[in-house]
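Reader: I'm new to this and would like to learn how to read residue contacts. Could we go through an example together?

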Amino acid sequence: MTDFQADSILVLLDLTPSGELTKSAAGLLGAAAGVGTPVALIVGAAGAGEQAAADAAALGATHVLVAEGAEAGAQVTVPGADALAAAAELVRPDAILVPNSIEGREVAGRYAARSRSGLAVDAVAVSRDAEGVVAHHSVYGGAYNVDSAVTWGAPVITVREGAVDARAEAQPVSTEQLAVEASGRRAAAIGRVDEAVVTSSRPELRGAAKVVSGGRGLGSEAQFALVEQLADVLGAAVGASRAAVDAGYVPQSYQVGQTGVSVSPQLYIALGISGAIQHRAGMQTAKTIVAINKDGDAPIFEIADFGIVGDLFTVVPQLIAALEARKA
């Protein structure tokens, strides 16, 4: 049996339906390495764990626990909570990091309720003080930064994808099959999974390094194409405010904000977005924010690192032309 380090941090890694690690893995293991020794947990269908374990080691996991057997028809999230409970009993970690995905949040909540552990949701960073691991959050639309910690036991922390820039050093592959006793808890079941293959030259919005978003100021679905043109020049993902989604310019999957996708890119460009608190809640942790709006009093300028007060239909084409000229 493996002897785990006293400062071990247990990290639950998400898998895609095809058995690959999701993009959140690098940030989670990077965050764990900053406060302790990362130990990864992979819960996946039989046969999917070997390559995923190698990928986790390349991203910094010193040891990888693999819990197999989540076949089609298995309960949703219950196998993950069962595996997390078994892994925590084995590793005795100082903290447990989980992706802030839909499934990750449910697994974290289920495990925290079972084990009576403290739960910190949607952290944008983690650190360690004299008493243990601390989670850092951006709340109320980014108006406040707050810290949370537990008084006993290992905190369960969900980490926002894209918020952590740190990366861990690659490690030799060290894997171990994890024996998991099924709890038999009631949950929904998966009938089947049909993976939809979407071909796009743009990165996925969640976790993208650069995002260009458009708001109601674009005026129409046709004029929203200006956002896409700038995004393509920059190699960025495309987002939108709730107002743009409600107006029918783009699908709801583009929405950035409290009821949409939360992003923490290196660069966020807001075109024709006023900056309502609902939108700011989903993008305020971006490293650099650029706003273009004709209303100089728009709230988005309060958080922007760079702001241009002007007609976006004049400014953005000039910006696109300048960027294309630099590429030539």
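Reader: Which residues is P155 in contact with, leaving aside its neighbours within four places in sequence?

Author: Contact means heavy atoms within 4.5 Å. By that rule, P155 touches D94, A95, I96, G118, V133 and V150, once neighbours within four places in sequence are set aside. This is a predicted model, where local features need pLDDT of at least 70, side-chain atom pairs count only at pLDDT 80 or more, and totals for chains, interfaces and linings use all residues. Residues are numbered from 1 along each chain as its sequence is written, and side-chain values use heavy atoms, with hydrogens and water left out.

Reader: Is P155 buried or exposed?

Author: Buried means under 20% relative accessible area, exposed over 50%, partly exposed in between (1.4 Å probe, protein chains only). P155 is buried, at 6%. P155 also sits 7.2 Å from A120, C-alpha to C-alpha, though the two are 35 residues apart in sequence.

Reader: What does the side chain of R160 make a polar contact with?

Author: A polar contact is a pair of N or O atoms within 3.5 Å; within protein, one must be able to donate a hydrogen and the other to accept it, and residues adjacent in sequence count only if both atoms are side-chain atoms. Here, the R160 side chain pairs with the side chain of D122 at 2.8 Å. R160 is buried too, with a relative accessible area of 4%. Beyond four places in sequence, its contacts include N100, S138, S262 and T285.

Reader: And which residues does I157 touch, not counting those up to four places away in sequence?

Author: I157 touches I96, L97, V98, A120, A123, V126, V133 and A135.
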